[in-house]
Amino acid sequence: MIKWRCKICGYIHEGDSPPDKCPVCGAGPEDFKLLEHTQTPQSKLAIARIIIIGNGAAGVEAARTIREHNKSVEILIFTEESYHLYSRIHLSRFIGNQSNETDIQIYPTSWYDEQKIKVFLDTPVISISPQDNEIRDSKGSTYKYNKLIIATGASPFIPSIEGSSLKGVFSLRNLTDAIKIREKAKNSHSAVIVGGGILGIEAASSLKSIGLKVSIIETAHHLMLKQLDQDASMLLQSILEDKGINFYLNHRVVKFLGVDHLESTVLDTGEEIKADLALISTGISSNISLAQDADINVNRGIIVNEHLQSNFPNIYAAGDVSEFQGTIMGIWPSAVDQGIVAAKNALGIKTKYTGTVPLHILKVSGLELTTVGQKYKKNSTDEEIKYTSKQKEQYLKLIYNRNIILGVILIGVASIGFGLEKLIKNKTPITEIIPHLEKGNWDIVKKKMKQM
Ligand SMILES: Cc1cc2nc3c(=O)[nH]c(=O)nc-3n(C[C@H](O)[C@H](O)[C@H](O)COP(=O)(O)OP(=O)(O)OC[C@H]3O[C@@H](n4cnc5c(N)ncnc54)[C@H](O)[C@@H]3O)c2cc1C
């Protein structure tokens, strides 16, 4: 079996050639790398049943991996959603376009039958009993498991803002939210986006593209605080301002006003912005309550070891719900990586999770923005190379230490982000290319990639 892995989101495609378009992130065939060309060793472990809670990236990747390595174990997935796995990454674009639910579905419904993966849609798990190795679903049925993988993801973090329950105030996590926002947007004139992170910016651009007046309100002094340095953020802001998006940085939303429906948003300065749609996009919090109630150790997420195992040896956690070495990654590729590792360990194939290099791509039409790893120098021996084009449409920054790249920010530069990600992942020395990078010749990265 030939397998291809999408370099952006981790999606694994099986077939003679890569797909024309990645169903998760939309990447082209050139963004797929050959993964393996051999039969994978089959797990000999006699496990009757593995239950997975959650059918997002981590849960379904875990199921796919289990089946790849074991043809007989029973796999049950429970989900509170009404849909099979879809690309959550596409939701911010979905609210501003005409695609339908099946366009963003990742596997056809028949795939689950072919793989003998039983999915219980609209059936949240309401409790776990680790002592009895049993879960209970919302319909009152109980199921025993030999191994359990918790992949319940995360929910939007909603700060306490007066008026948040007004009609027209939304958050965006799942397809049901996206459908509601899209419907509302059709009859709206202006929107405020609370939060200037990746999701907020993508949603803003999407709503702008269908004719709404859009403002982003951000408490920090710059956009994409986690991924960009100040210079990159200012450039991004000016590009987005040219597209007609308004910004209120260093501002906080204190109140949503309206009678039943949202009419305006009040800032900490007292300024009022007319808006009939608001999207709160202020981060995520992991869905840990189920685990917490079952005495599974949690902090912000479910605490897991390098095998993604919780304090109960036959219970694993993967994706946005898991906390590994104090970190919740909150990105699709790490959910996929963790789904794979949790699945293998559940099957007795000892595998360590070693982390996922955080790669972020902003998906706004006409704008290329990629960040990988560290954005600032962290210690005295870190060095940086910075380049801004004369027309200020390109910005490149690279942080390195002893010839090993630690992080990159690229704006307006296509097709070298993944190359740099690979150099970071492989800790490839870049000694000979540094002088070229200092002169602004970033295409040298492509040459270096070809030599690898
Ligand atoms: C709009 C948007 C855009 C994004 N863009 C990007 C991007 O560009 N790049 C990127 O890397 N990441 C992006 N992300 C983040 C990425 O989608 C997540 O990191 C990824 O989906 C996490 O996968 P997961 O399987 O851990 O959780 P999820 O995908 O959240 O899946 C968890 C599932 O578990 C279900 N569940 C929860 N509780 C229960 C229960 N008790 N019983 C049964 N089921 C339950 C949930 O309903 C959900 O279906 C984006 C997210 C959003 C919302």
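Ala, Val, Leu, Ile, Met, Phe, Trp, Tyr, Cys and Pro count as nonpolar here, Asp, Glu, Lys and Arg as charged, and the others, Gly among them, as polar. With that sorting, the shell around the ligand has 18 nonpolar, 11 polar and 5 charged residues. Keep in mind that this is a predicted model: local features need pLDDT of at least 70, side-chain atom pairs count only at pLDDT 80 or more, and totals for chains, interfaces and linings use all residues. Numbering starts from 1 along each chain as its sequence is written.

**Around the ligand**
- There are 34 residues around the ligand, and Gly54, Gly56, Gly153, Gly319 and Ile331 come nearest (near means a C-beta atom, placed from the backbone, within 6 Å).

**Two helices**
- Helix α1 (residues 57-69) packs with helix α8 (residues 332-346) at about 40°, their axes 7 Å apart (helices are DSSP runs, H or I, of at least four residues, numbered from the N terminus; axes are lines fitted to C-alpha atoms over the stretch in contact, and angles run from 0 to 180 degrees between N-to-C directions).
- By class, 11 nonpolar, 5 polar and 2 charged residues make up the contact of α1 with α8.
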